[in-house]
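Here is a short briefing for a reader who is new to this structure. Please look over the sequence and the model before reading on.

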Amino acid sequence: MYAAVCLRSFRRYSTYRAATGARVFTNTVFGFILSYTYLALWQVRPHLGGYDLSAALTYVWIGQGLLSVLAINDLGALSDLQTRIANGDVAVDLFRPVDQQRWWLAVDAGRAGYQLLTNALVPMLVGGLFFHLRLPQGTAAATVATWAATAVALLLALLVSYAMRHLIALTGFWLLDLRGVQLVYYLVSCFFSGFFLPITTFPPLLEAVARALPFVAVFQVPADVFLQRYDATGTLAALGVQVAWAVVLLGLGRLVQSRAVLKVVVQGG
Amino acid sequence: MNETLIEVEGVTKSFVVRRRAGRFRRTREEVHAVAGLDFTVRRGEMVGYIGPNGAGKSTTVKMLTGILLPSTGRLRVAGADPVRDRVRLAQRMGVVFGQRTTLWWDLPLRDSYELARRIYRIPDATYTRNLDRCVELLELAPLLDVPVRQLSLGQRMRGDIAAALLHEPEVLYLDEPTIGLDVVSKRRVREFLARVNADLGTTVLLTTHDLTDIEQLCSRVMVIDHGRVVYDGGLDGLHEQGRSERTLVVELERELPPVELPGARVVRCEGTRQWLAFPASASAAPLVAELAARYELRDLSVREPEIEDVIARMYEEAERPVAAVPSH
């Protein structure tokens, strides 16, 4: 059933071609802007944060590609949940014999799948045409392993991102208007996930803070896995951190959800 | 089919509302949306549930469907506690909120139905049979491949009703299913609901402001006001309860001062025409005979009380303490 939900969600997003085009265009333009900023920065400070120039540029384009997929600065499909909470439509969702957290995860996965094929692929291809990007290297086995690990890291990143956005959307049951919370969340998320700059370029204290937060698991970890910055055990450890955050945050989401459902204030009759 | 399906015993629901009092202070105030409900619904019944805005109708439906927890009291649907068994009961109930939709906005109607099939794990044969029936009776065939956002309100409403019935629920809650619909759409929806109730024995609880819905569909009506049931019984009884009056309209030969007639009173005069009100329970025949004996009449007619007026009077009376509530 959840697979069917996921598929419908994918189709739903695919009906908005203009929105997709606009996003792809914006991501690509920002990719260029950030690339030239990074170029300037890395000329002054080569190997900043442990990335060589090519890795840094790849990092930029991965970021532009995954910004929408991992919903780093928006709520993704959960903006629908947020709207439904605000206008009371969430009430009719509760009439269905489904688990709400899984339901919305399926919806969000459909969205992410669609955006991976459009918003991620196109900017990365464009970036690859204009800059020298770094693809997984080494023996065939190592390359395959890296791609596989990246896929797993991406899935886990989506889970962590979803869990956090789900929590943000659920606060709507108490706050009703989320614009303030969202704005803070987007800034914190972009900054601490390493989306603006890799957290290894932060001052040590700030880096330590970033490492202790779940946002790294959303972006920096999958990017670093792809850039082969971990050895085999390092990769497993990084994925382990992602799993841990996913478990903790999804568990918290369940708890908050059960509280929220009990105190449903159905807006507008 | 006398089995009790819905049991409501002394159910109340209050919300705490915080009001601003001064710049920083806030006062807590308890609002009783439902102040003590008692009723039962038997399997296969079709019950109209009416009351003015804010009377507690939707709150009741939300408690019955398990998305609101009653503050006090006992509530059972098919023997289960709706809040605790929400997901399991959801499998056995259908809900249509006239002002909300469960359909997928951006996708064709058909997709929402396919999804319902998965959500409720409807066996293929059941699904096909129910979908076919809905498509035929609600005339959905040309709409199945249209994205929901392009449907008119009436079309969407029919689509929503079908979606709520594909899994053959035992009980169907309808909250204003005909709101905003044109006459033809309303009739189609009503005919369909009557068929579902008759053919499948589906228990229906219908909330509405459109009393024609009730007149055409429900043998039993519950009137709720200020969170209490103020009437529960047949439609006919409603007239007595509301102390409704019939009107005798007479056309006199010439203009006269208000006529004198025991058992009736003149409520309006206009030229040679006069309007006389008399209790709905009294017979019009002796009045007419008496009137004809005393005055020269050109024409006359009897008007039945409008159910709307009856209800309106009841709502107004409920503002004052209620006398006895006839038991069902």
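Helices (H or I, at least four residues) and strands (E, at least two) are DSSP runs, numbered from the N terminus. By that count, chain B has ten helices and 13 strands. The model is predicted.

**Chain B as a whole**

- The C-alpha atoms of chain B fill a box of roughly 75 × 55 × 50 Å along the principal axes.
- Chain B holds 328 residues, and 51% of them are buried.
- Among contacts in chain B with a separation of 6 or more, 70% join residues 24 or more positions apart.

**Confidence in chain B**

- The average pLDDT of chain B is 86, and 95% of the residues score at least 70.
- Residues 321-328 of chain B fall below 50 in pLDDT. Beyond near neighbours in sequence, this stretch still has 14 contacts in the model.

**Extent of the contact between the chains**

- Chain B brings 27 residues to the contact, and chain A brings 29 residues.
- About 2,700 Å² is buried between chain B and chain A. Carbon and sulfur atoms give 62% of that area.
- Three residues, I67(B), R100(B) and W104(B), supply 26% of the area that chain B buries against chain A.

**Polar and charged links**

- Four salt bridges are counted between chain B and chain A.
- A salt bridge joins the side chains of D106(B) and R12(A), at 3.1 Å from N to O.
- Eight residue pairs are in polar contact between chain B and chain A, with both residues at pLDDT 80 or more.

**What chain B puts at the contact**

- Four elements of chain B each give two or more residues to the side that touches chain A: α1 (57-64), α2 (86-90), β5 (93-97) and α3 (109-119).
- Of these, α3(B) gives the most, with five residues.
- The residues on this side of chain B divide into 14 nonpolar, five polar and eight charged.

- S9(A) sits in helix α1 (residues 2-14) of chain A.
- Is S9(A) buried or exposed? S9(A) counts as buried because its relative accessible area is 0%, and the cut-off for buried is under 20%.
- Leaving out residues up to four places away in sequence, S9(A) touches V107(A), G110(A), R111(A) and W104(B).

Technical notes. Residues numbered from 1 in each chain as written. Chains lettered and ligands numbered in written order. Heavy atoms only, no water. Contact = heavy atoms within 4.5 Å. Buried area = accessible area lost by both parts, 1.4 Å probe. Polar contact = N/O pair within 3.5 Å; in protein donor to acceptor, adjacent residues only side chain to side chain. Nonpolar A, V, L, I, M, F, W, Y, C, P; charged D, E, K, R; others polar. pLDDT = per-residue confidence, 0-100. Buried < 20%, exposed > 50% of the residue type's maximum accessible area, 1.4 Å probe, protein only.
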